[in-house]
Amino acid sequence: MTGRGRSAYVWAGSRLLLVALTLSGCRGPQPTVGLPAKYTLENEHLTVQSDVKLPRNHELIRDLGHLREEILSILDLPVQKQPVVVYLFADENRYSQYLHTRYPMLPPRRAYFVGSAKELAVYTYWGDRIQEDLRHEFTHGVLHATLKDVPLWLDEGLAEYFEVTSQPAGMNRDYAMNLAAGIASGWKPDLDRLESLEAVDQMQKADYQESWAWVHFLLNHNEDSHAVLTGYLRELRTTSQPGKLSTRLRASIPVADSRFLNYAAGLTDGLIRVGRIEAK
Ligand SMILES: [Zn+2]
């Protein structure tokens with residue numbers, strides 16, 4: 001997998017499904033490698049079909065359970081009705097063969113989320129970054145199980161935020177460092193541009209990074225920014241077209257863009273302090 005093979009760059013479910021079905025059609029080639037089916041773990045909110053035997057209380061399964069509760073609590077979302085189905089292949093080879101045959105136009109990625117009316121499916125394989133990949137895709141699943149739709153930038157920003165396992169919560173150190181360096185060199189955020197992106201192939205690495213930072217800001221800046229996000233998500237429960245989040249954000253915090261710039265520039269402050277403490 002190349003450096004761009006992170007699960008962060010996968011396509012959001014409904015958009016991916018639309019493309020995939022259009023390309024492969026109902027009478028498309030049948031995968032020579034079938035879906036994982038040896039083992040099934042099932043609870044109310046999650047089904048794992050796997051070629052790898054996992055005990056019911058495996059750390060990864062428990063982690064997804066905790067993550068689901070965390071997402072619902074932080075984002076003030078209701079318990080989802082539809083379970084997320086994880087298809088966990090034993091190795092990259094079988095996973096790639098299946099994906100290539102089923103969705104031939106998709107570029108290679110370590111994991112995919114495919115959402116449809118029938119199923120909220122995550123496809124991935126047992127690899128070194130399985131936990132991060134599962135958390136990212138599972139976040140898409142939880143969002144799409146409760147919301148009519150999610151704007152692309154927000155979908156990916158939230159998945160990037162919740163995939164992080166280290167502390168502080170949601171902190172992607174590479175992104176924080178990149179943003180600080182970019183801001184020092186004159187980079188300017190542009191939420192309106194992010195909101196105009198509709199197809200995943202329009203989104204570059206820097207867009208995932210900025211989307212993550214806006215989500216970090218919305219969740220952690222202050223009560224008003226948090227309320228803008230949760231209020232927006234509440235509307236997405238009943239409508240797929242609630243308008244732009246940026247309009248609400250600037251109505252609530254008129255200087256939101258400059259606040260965000262300062263916030264993003266300061267994301268590394270805590271990381272440097274942690275480093276100093278650890279060095280003692
Ligand atoms: Zn994603």
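Tutor: Let's sort out some words before we look: Ala, Val, Leu, Ile, Met, Phe, Trp, Tyr, Cys and Pro count as nonpolar, Asp, Glu, Lys and Arg count as charged, and the others, Gly among them, count as polar. Also keep in mind that this is a predicted model.

Now to the pocket. The largest pocket holds about 370 Å³ of space. The lining has 18 residues in total, and P151, L152, E195, L197 and E198 are the ones nearest the centre. Sorted by class, the lining of the largest pocket comes to nine nonpolar, five charged and four polar residues.

Let's follow one of those helices, α9. The buried residues of α9 are S225, V228, L229, T230, G231, Y232, L233 and L236. What covers them includes α2 (59–74), α5, α8 (205–220) and α10 (245–252).

The largest cavity has about 40 Å³ of space, and α2 and β3 (84–89) each supply at least two residues of its lining. Around the largest cavity you'll find V48, L54, L60, I61, V86, L88 and L134. By class, that makes seven nonpolar residues, with no polar and no charged ones.

The second largest cavity has about 30 Å³ of space. Its lining is made of Y39, T40, L41, V48, S50, V52 and L54. β1 (39–42) and β2 (46–50) are the elements that give two or more residues here, and β1 gives the most, with three. The lining of the second largest cavity splits into five nonpolar, two polar and no charged residues.

One last stop, the metal site. The zinc ion is coordinated by H136 (NE2), H140 (NE2) and E156 (OE), at 2.1 to 2.2 Å. Along the chain, these donors follow the spacing H-x3-H-x15-E. Both histidines lie in helix α4 (residues 130–146), four residues apart, or about one turn of the helix. Buried means under 20% relative accessible area; H136 is at 0%, so it counts as buried, and H140, also at 0%, counts as buried too.

Definitions and conventions: Residues are numbered from 1 along each chain as its sequence is written. This is a predicted model: local features need pLDDT of at least 70, side-chain atom pairs count only at pLDDT 80 or more; totals for chains, interfaces and linings use all residues. Side-chain values use heavy atoms; hydrogens and water are left out. Donors are N, O and S atoms within 2.8 Å of the metal (3.2 Å for Na, K and Ca); water is not among the atoms, so sites may look incomplete. Buried means under 20% relative accessible area, exposed over 50%, partly exposed in between (1.4 Å probe, protein chains only). On a 1 Å grid over the protein atoms alone, a cavity is a set of points where a 1.4 Å probe fits but cannot get out, and a pocket is an open set with protein on both sides within 12 Å along at least five of seven lines; lining residues have an atom within 4 Å of a point. Grid points are joined across faces, edges and corners, and a volume is the space filled by probe spheres set on the points. Contact means heavy atoms within 4.5 Å.
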